[in-house]
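Student: I have a new model open on my screen and would like to learn how to read it. Could you walk me through its features?

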Amino acid sequence: MSRHEAATRIRAATQDDLGDLWDFLAIAAYAADISASKTVPFVAAHLASWQRSEDFGFIAERNAEAIGAAWARQFSPDEQPAFYVDGRTPEVSIGVSEAARGQGVGGRLLSALIADAARRGVGLCLNVRHDNPARRLYERIGFRLVPGSAVPNRVGGTSFGMIWAAPR
């Protein structure tokens, strides 16, 4: 374990973390800042009314500073999420500060999220841009590309749906 990994604490996200979650949603959405994230309805929906009963997530901290977050939100079809599977497969959002990337933070956050999803008996889904290097992490940790899920994204590229199925 590297010194960065040893110094990083993963803890459950709470209502008090909403400000940090907005910071990491802006990162995940490739938005300039929180204000820009809030102007895109399907992006803002990932934190609207946080923490609904089925919302769960984790914060990564180092030296008492949030350096990453991953959370799951169960959408309904009428909320028109970017990628919807069913009523038992919440969508993942994840963001890691630029300074903490490449240090295992994203993997540890996803592992915590997957463990909690398994405990709850739910799957997980996400959408990822075609050129996002995190796609390799998602595949390593057990997410699989959903055939036929490619859609144009809001910046002119392509995004794909991925799914992780809870063990039965």
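Student: How many helices and strands does the protein chain have, and how are they assigned?

Tutor: Helices (H or I, at least four residues) and strands (E, at least two) are DSSP runs, numbered from the N terminus. Here the protein chain has 6 helices and 8 strands, and along the sequence they follow the pattern α-β-α-α-α-β-β-β-α-β-α-β-β-β. The radius of gyration, taken over C-alpha atoms, is compared with a globule rule of 2.2 Å times the number of residues to the power 0.38. The chain's value is 15 Å, close to the 15 Å from the rule for 168 residues, so it is as compact as a globular protein of that length. This is a predicted model: local features need pLDDT of at least 70, side-chain atom pairs count only at pLDDT 80 or more, and totals for chains, interfaces and linings use all residues. Residues are numbered from 1 along each chain as its sequence is written, and side-chain values use heavy atoms, with hydrogens and water left out.

Student: What share of the residues is buried?

Tutor: Buried means under 20% relative accessible area, exposed over 50%, and partly exposed in between (1.4 Å probe, protein chains only). Of the 168 residues, 48% count as buried. Strand β5 (residues 124-129) is mostly covered, with 5 of its 6 residues buried.

Student: Which strand pairs with β5, and in what sense?

Tutor: Two strands pair if DSSP finds at least two bridges between them. β5 pairs with β8 (residues 158-164) in the antiparallel sense, over 6 bridges. Within that pairing, leucine 124 has tryptophan 164 of β8 as its bridge partner.

Student: And how should I read the pockets?

Tutor: On a 1 Å grid over the protein atoms alone, a pocket is an open set of points where a 1.4 Å probe fits, with protein on both sides within 12 Å along at least five of seven lines; lining residues have an atom within 4 Å of a point. Grid points are joined across faces, edges and corners, and a volume is the space filled by probe spheres set on the points. The largest pocket has a volume of about 1,000 Å³. Of its 39 lining residues, Ala28, Tyr30, Ile94, Asn132 and Tyr138 are the closest to its centre. Strand β4 (91-96) gives the largest share of this lining, 6 residues.

Student: What is the volume of the second largest pocket?

Tutor: About 180 Å³. Its lining includes Gly123 and Trp164.
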